[in-house]
Amino acid sequence: MTKYLLTRLRQSLITLFLVSVVVFAGIRALPGDPALAMAGEERSPAALAAIRQSYGLNDNIVVQYGRYIGHALTGDLGTSSRTGLPVADAIAAALPVTLELSALALLLAVVVGIGAGIVAAVRRGKPAEWFANAIALLGLSIPTFWLGMVLVLAFAIALPVFAASGYVPFGTDPLDNLRRMVLPAIVLGSGLAAVVMRQTRAAMLDSLSADYVRTARAKGLRRREVIGAHALRNSLVTVVTVLGLQLGHLISGAVVTEQIFVLPGFGKLTIDAVFTRDYATLQGVVLCTSAAYILINLLVDVLYSVIDPRIRLGGAK
Amino acid sequence: MSPDPVREEPVLSVRDLSVSFRSGERTVHAVDHVSYDLKRGEVLAVVGESGCGKSVTSMAVMGLLPPTATITGSVRLGGRELAGAPDKELQKVRGNDIAMIFQEPMTSLNPVLTIGRQIGEVLRRHQGLNRKQAREKSVELLTLVGIPAPRQRIEEYPHQLSGGMRQRVMIAIAVACDPAVLIADEPTTALDVTVQAGILEVLQSLRERLGTAIVLITHDLGVVADSADRVLVMYAGRAVEQAPVDELFAAPRHPYTRGLLGAVLKPGAHAGGTKRRLPEIPGLVPSLTEQPDACTFAPRCTLADEQCTTRRPGFRAVELTAGADARHKAACWHANTMTKEVVR
Amino acid sequence: MTTAVRVPRTSRMSVGGAKLRALRRNRLALTGGVIAAVFVIVALCAPLIAPYDPAQPDFNNALAGPGWAHWLGTDDLGRDQLSRVVFGARASMQVGVLAVLLAFLVGVPLGLAAGYYGKLTDGAVSRLTDTMLAFPFLVLAVGLAAILGPSLTNATIAIGISQIPAVIRITRAETLRLKHADYVAAAVANGGGDGTVLFGHILPNATSALIVQATVGVPAAIIGEALLSFLGLGVQPPDASLGVMLASAQSFLAPAPWMAVFPGLAIVAATLAFNLLGDGLRDVLDPRGATR
């Protein structure tokens, strides 16, 4: 167990290092002189030289990279050229929004996806399965941003139940917060729910025909126990894998969802940084997102070993 | 071997059990009017080729067949009718009054649950034990089926156990609630020869200690000769012969049984310990999509005449023993004219 | 009771024929195939089909609802929505096909090499895919758009690159599976070079999995294009793209909902069609799905 985790941790760190190199090199490869971007109004050669000097832009790129990582490790991600404020602060402000949005979407995807997947597998060949399959296929085929617009049309314009835009912190007004977060969470969670549903259904169909389920039935266990304790427990390994692979899409989706619903989260920060050529912010955001993604994947692997003793105990097949 | 099986009421009584499966347009008749009785502490061996319906019969008795199966006939367990009972009723009976172990010990245990959990589950379900009591009882059961260091084993997962050990765990689960009937579907087929004997010993000792009646489904005529009291021979979904084990081996009354025993009866082949598998009989097993009014074995039978291909033979007592208790039955028009001399 | 027998691929034509027939029996897949074909035709013949110039504004007819003159209504500049949907579909298909092609051109050789040579090659390629997968699709696309500048071509490149890891993984897995097949061993024994073995024996047998991957990749690319264009990182106005149309529709949701509805339906129809086709193909081609 420990050995397995250490291996995974080492792999994650290598990937994280490569990511940081790619991000750093990528930003440096951007067209335009970063000094020029930072200079703003003051563009005299002397001012530019001063900026180059103070930001160490004249140094070797490897030295620059080392310095950047050194600062990043202490929580200093540089200064936004757009706002003049520390990038770390902007990220810290945006993080709760995106985290809440992602958590709600994930909750929705897991509850609805796994629930519908179980129903589709257990009610095989019945209308319930057909219905669940159709909804899942539709969920996979509808682009999230369009779903967002349709939901806004339906539930914020035609039938104003929910709000279409803006963010109110949960701490300030929980009810208003949820009123504004429900639609974005549905938009972000729908695609994931569809994928989770399909995988759950497939894995459950596999498990339900397995020998150990026959054993469980031969023991006289209730249907609920056979499905929940035996079939589902085994299916979860597959579902968790897929969930881990799909979390990247959740991050991508958050960017779009925040754009549609005007939520001041990570995604909006990213897009704004691109359009205002705010490279320091872009670099920080991309680095943080990728680090989060790598961390999530590591957690997913840990979760596997909790679910499946064969991984945890490193036993044979 | 068993304590006077003759006078006792049967614990399990199967009457005219038929099972058919619908698959699209076709209907497959997997089991066709099979009947047998099982008394306390008795071991009934069910033999026949793959696909003859012996496993399907057991699954039907357990009520474990999928909804695509249609079951008719009667299955009485200790006076209670199981055929057609709602699944909720059957759940209370399965694992409690009648239990089953399967051919594949490697896959029959749930890989993500501990051994203790999987044994305890059945105790908590049927006997209402709490977690601690179930745990203690699980340790006892593992000792009973001959698993060393049981306290340690109940914390382990199936993949940490060998195939033989897993099958012992399956037996422990099956006998946990002291069932009246245990169905063992080829319990040793997937195991090494050396491990097989151990498993059969465990089954024998359970029968002696707990008085469990056992339905032993097997390919292996050696196992039949060593463990069974009576034998039921099945062919193409039908019961073709049933007799006490000695009588069946000595004087089979169905040509199919004779074919099966052919190799065994030849001198030299009866050496103890060697494995005796069902020998090849020329011809093909008929398709199960139709139920002909004829003997289904006729196309492969050397004794077949016109009657065999136009009328279905009843499953009735053979003449030699008819007066007694009908302990030897066969479904063959020639059963009574067949003498020992016919056997080569 | 029944034993699964692997039939050697001696008569590939007849096997293919059987698979085609099986696919035709699957009505959903057939529907998907027909709709996908319609999209391809519309994309190819866009200038012939579109009733108006998709970029021509007509301020007298701005925000007109669906009617006889403009079947799908007009947008805020009075441009014909139907014409713009038709040209948008053309952009979608172009990205869909080219991005997948790019992903395959890069991913397949890398996957073959990783699976066949193993060891260091495999390690290097696997680390590469891990690194690429560490960038969520949109972050990657946004970064590339920032570096290369927003345009249809760059969106295609970004989407294509984002699909490379999946192609590498599938090709690698198939190669690992096929590496030890008898006919591959025979080809090696007969002195076949690495190129012959990889492209002559392994690749043709991995076609099924790759075709299935392509039917997953095309709709993903179509949605990707719409997404990037929606965010302003893909097709630039006044050119038509389903994503660009939706972006401008966002400001007119209440007065002109048709601006949002029709381009969206077009995307859904296209992706649904390819997903249905892909599901059908998977059932027919993928041996692991054959048991369903």
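Me: What does the UniProt annotation say about residues 14-261 of chain B?
Reply: The unreviewed UniProt entry annotates residues 14-261 of chain B as "domain: ABC transporter". UniProt positions are given in the numbering used here, feature names are shortened, and annotations may be inferred rather than shown by experiment. Keep in mind that this is a predicted model: local features need pLDDT of at least 70, side-chain atom pairs count only at pLDDT 80 or more, and totals for chains, interfaces and linings use all residues. Residues are numbered from 1 along each chain as its sequence is written, while chains are lettered from A and ligands numbered from 1 in the order in which they are written.

Me: And how much helix and strand is in residues 14-261 of chain B?
Reply: That stretch is 41% helix and 27% strand, with its end C-alpha atoms 26 Å apart. Helices (H or I, at least four residues) and strands (E, at least two) are DSSP runs, numbered from the N terminus.

Me: What's the strand order in the open sheet of chain B?
Reply: The order is β6-β7-β8-β3-β9-β10-β12-β11, eight strands with mixed pairing. Two strands pair if DSSP finds at least two bridges between them.

Me: Which strands stand at the edges?
Reply: β6 (98-101) and β11 (316-317) of chain B do, and each has a single partner strand, so one side of each is left without a neighbour in the sheet. β11(B) is joined to β12(B) (residues 329-330) by two bridges, and the two run antiparallel. There, Ala317(B) stands opposite Lys329(B).

Me: Which strands does α1(B) lie across?
Reply: α1(B) lies across β3, β6, β7, β8 and β9 of chain B, at about 145 degrees to β7(B). Axes are lines fitted to C-alpha atoms, for helices over the stretch in contact, and angles run from 0 to 180 degrees between N-to-C directions.

Me: Is α1(B) mostly covered or uncovered?
Reply: Mostly covered: nine of its nine residues, 54-62, are buried. Buried means 20 or more other C-beta atoms lie within 10 Å of a residue's own (exposed is 12 or fewer, partly exposed is in between, and C-beta atoms are placed from the backbone). Among the buried ones are Lys54(B), Thr57(B) and Met59(B). After the helix comes Gly63(B), with a positive phi near 70 degrees.

Me: Switching to chain A. How many helices and strands?
Reply: Chain A has 13 helices and zero strands. Its C-alpha atoms fill a box of roughly 85 × 55 × 35 Å along the principal axes, and 43% of its 317 residues are buried.

Me: How many residues are in the contact between chains A and B?
Reply: Chain A puts in 21 residues and chain B 26. A contact needs C-beta atoms, placed from the backbone, within 7 Å. On the chain A side, α9(A) gives the most, with six residues. That side has eight nonpolar, five polar and eight charged residues. Nonpolar covers Ala, Val, Leu, Ile, Met, Phe, Trp, Tyr, Cys and Pro; charged covers Asp, Glu, Lys and Arg; the others, Gly among them, are polar.

Me: What about chain C against chain A?
Reply: 33 residues of chain C are in contact with 36 residues of chain A. α6(C) gives the most to the chain C side, with eight residues, and that side has 25 nonpolar, six polar and two charged residues.

How values were computed. Two residues are in contact if their C-beta atoms, placed from the backbone, lie within 7 Å.
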